[in-house]
Amino acid sequence: MFAAISAPDFFTFAAAAIAAVAGAIGVVTLRHPVHAALMLVMTFFAIAVLFVEQGAQFLAAVQVIVYAGAIVVLFLFVIMLLGVDKKETVFPKDSVSWKLPAGLVLSIAILVELSILAKGVWATGAHSVTAAPNGHSNVGVLARAVFTTYLLPFEATSVLLVIAVLGAVVLARVSKIQEDISSESALEDEMGEVNAR
Amino acid sequence: MSVPGSWYLILAAVLFGVGAFGLLVRRNILIMFMCLELMLNAVNLTLVTYSRMLNDIAGQVSVFFVLVVAAAEVVVGLGLIVAIFRGKRQVTADDLHVLRG
């Protein structure tokens, strides 16, 4: 089995797989949110390498730009903005005591289930006879699929993005009424202090 | 010959399992969110692997759409975290038991 795989392919896969799993374990176990975010970048890069390995060059580029670039930077912005970058204990004593074993059992069950699925033949379905992704340029084949067969879903994603932007704006801004209430209560506090004197 | 697809699938399963473990065990909402991204990425890897194994571009198109949805989800999710933080001054899941029955 090992003899059939060419050495560069094997070593690329091994290095990327080790980096991805190490990064994932780092995200879960590190105490500091900023460190966890940096570990997440490592995992994203490793997955981008695996995308290139499998001939999905465009998705690898998008993976680096969108995930490792935009999304992790957004995470870091929020961590820094909120000032929640203090350390926390990873497995605190005061929380539900059976949480750690229950999480361990559940995630191992998921892992076993997915591994069985990965080995099964029936999960892989039928081979496509047309539109081979390899052989032609990856970007060209992908673009043809997105702008012909999947044009409607592609347009729908633009609506989704607009909704997400609107949602973020609505969530992030302090509403006028809330502001009034908080300033009124602050005023009352001040009045109370003045009266007490 | 390149690495067989089942290896990629098992790697994706491991990443998904680690992400699920983190989501279940950690209390910091930001880290739970990162674990969610990890699980999404594991699924993306699975889709690209199937796309190669079945010689079908549809898997890669699915990854493209998952990316868009993940970006939207991160924007709204982080907005929610900021809104929660404004009221509660902390972002651990144990502090958010308002809806508990």
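UniProt, in an unreviewed entry, assigns the feature "transmembrane region" to residues 6–27, 34–52, 58–84, 96–118 and 150–172 of chain A. For chain B, the UniProt record (unreviewed entry) lists the feature at residues 6–25, 30–50 and 62–85. These positions follow the numbering used here, feature names are shortened, and annotations may be inferred rather than shown by experiment. The model is predicted: local features need pLDDT of at least 70, side-chain atom pairs count only at pLDDT 80 or more, and totals for chains, interfaces and linings use all residues. Residues are numbered from 1 along each chain as its sequence is written, while chains are lettered from A and ligands numbered from 1 in the order in which they are written.

**Annotated spans**

- Residues 34–52 of chain A are 100% helix and 0% strand, with end C-alpha atoms 28 Å apart; helices (H or I, at least four residues) and strands (E, at least two) are DSSP runs, numbered from the N terminus.
- Residues 150–172 of chain A are 96% helix and 0% strand, and their end C-alpha atoms are 33 Å apart.
- In chain B, residues 6–25 are 100% helix and 0% strand, with end C-alpha atoms 28 Å apart.
- Residues 62–85 of chain B are likewise 100% helix and 0% strand, with a distance of 34 Å between the end C-alpha atoms.

**Interface between the chains**

- In total, 64 residues of chain B are in contact with 73 residues of chain A (contact: C-beta atoms, placed from the backbone, within 7 Å).
- On the chain B side, helix 1 (5–25), helix 2 (29–53) and helix 3 (58–88) each give two or more residues, and helix 3 of chain B gives the most, with 20 residues.
- That side has 46 nonpolar, 12 polar and 6 charged residues, where Ala, Val, Leu, Ile, Met, Phe, Trp, Tyr, Cys and Pro count as nonpolar, Asp, Glu, Lys and Arg as charged, and the others, Gly among them, as polar.

**Helix 3 of chain A against helix 2 of chain B**

- Helix 3 (residues 57–82) of chain A packs against helix 2 of chain B at about 175 degrees, with axes 12 Å apart; axes are lines fitted to C-alpha atoms, for helices over the stretch in contact, and angles run from 0 to 180 degrees between N-to-C directions.
- The two helices are therefore roughly antiparallel (an angle over 145 degrees).
- Chain A contributes A:Leu59, A:Ile71, A:Phe75, A:Val78 and A:Ile79 to this contact, and chain B contributes B:Leu30, B:Met34, B:Glu37 and B:Val48.

**Helix 1 of chain A**

- Buried residues of helix 1 of chain A include A:Phe13, A:Ala16, A:Ala20 and A:Val27 (buried: 20 or more other C-beta atoms within 10 Å of the residue's own, with C-beta atoms placed from the backbone).
- Their cover includes helix 2 (33–53) of chain A together with helix 1 and helix 2 of chain B.

Terms used:
Contact = placed C-beta atoms within 7 Å. Parallel < 35°, antiparallel > 145°, perpendicular 65-115°, else oblique. Buried ≥ 20, exposed ≤ 12 C-beta atoms within 10 Å, placed from the backbone.
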